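Here is a short report on one structure. Take a look at the model before reading on.

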Amino acid sequence: MATPRPILIVEDDAALRATLAEQICLEGDFTADEAESASEAVQKLASADAHYDAILLDIGLPDGDGRDLCAKLRRDGMRMPVIMLTGADGEQDVVRGLDAGANDYIAKPFRLNELLARVRAQLRVFDNSEDAVFTVGPYMFRPSARLLLEPARNRKVRLTDKESNILKFLYRAGGRPVPRQILLNEVWGYNSAVTTHTLETHIYRLRQKIEPDPSRARLLLTEGGGYKLDPVATSAV
Ligand code: CA
């Protein structure tokens, strides 16, 4: 089961934006959110409950240049893949876009399959990169280092490989519960003889590490025959 990953589409052409949003969601790999201007994109990215795994970013926006927006996002520390949608495929467009911190670009008109292939490729690279940092409750989660940083308390939590993978997969589920068997398959592999008891043991240890009160979990919750992350519940702590 693939968990849909949220993509932000920043494009002022309403028809193109709507088509993209609709098509991107079709296969169930992605969900789409839309912004028609640079300012709306900034607003959406700044909202506390928003989270996007990748951004599709038009260059020519009514209130600015997509490349400037990309540069701003990078300055603000956002590292998710950004794919520029370029109107003119002149070299200047492309070079400036990549200079601004974009990961890739695609010239209009493009085929949706090609765009999706590029998004998937960039997400694969990103997920395995040193740069991948996810916010989980009060923590900055760096899967590549198997590390949780809690800036407010200047604290580091070291995770095992399995704990890190569990957290990564729950994070990707975007707050939805993941059934135990699916989590087990994803983290230990489909052919493993490991039982859900092993998973429960790992969840127990993970809670000891990340929950202020492990007996009353507020971050890693049990729900619907599985587990889910609730970053919102802990962000107020
Ligand atoms: Ca445009």
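Ala54 is found in strand E3; helices (H or I, at least four residues) and strands (E, at least two) are DSSP runs, numbered from the N terminus. This is a predicted model, where local features need pLDDT of at least 70, side-chain atom pairs count only at pLDDT 80 or more, and totals for chains, interfaces and linings use all residues. Residues are numbered from 1 along each chain as its sequence is written, and side-chain values use heavy atoms, with hydrogens and water left out.

Ala54 touches Pro6, Ile7, Leu8, Met80, Pro81 and Leu123, leaving aside residues up to four places away in sequence. Contact means heavy atoms within 4.5 Å. The C-alpha atoms of Ala54 and Ile7 are separated by 5.1 Å, though the two are 47 residues apart along the chain.

Strand E3 covers residues 54–58 and also holds Asp58. Among the contacts of Asp58 are Asp12, Met84 and Lys108. UniProt, in an unreviewed entry, lists Asp58 for "modified residue: 4-aspartylphosphate"; such annotations may be inferred rather than shown by experiment.

Asp58 (OD) also coordinates the calcium ion, together with Asp12 (OD) and Gly60 (O), at 2.1 to 2.4 Å. Donors are N, O and S atoms within 2.8 Å of the metal (3.2 Å for Na, K and Ca); water is not among the atoms, so sites may look incomplete.

How accessible are these residues? Buried means under 20% relative accessible area, exposed over 50%, partly exposed in between (1.4 Å probe, protein chains only).

| Residue | Relative accessibility | Class |
|---|---|---|
| Ala54 | 2% | buried |
| Asp58 | 3% | buried |
| Asp12 | 35% | partly exposed |
| Gly60 | 44% | partly exposed |
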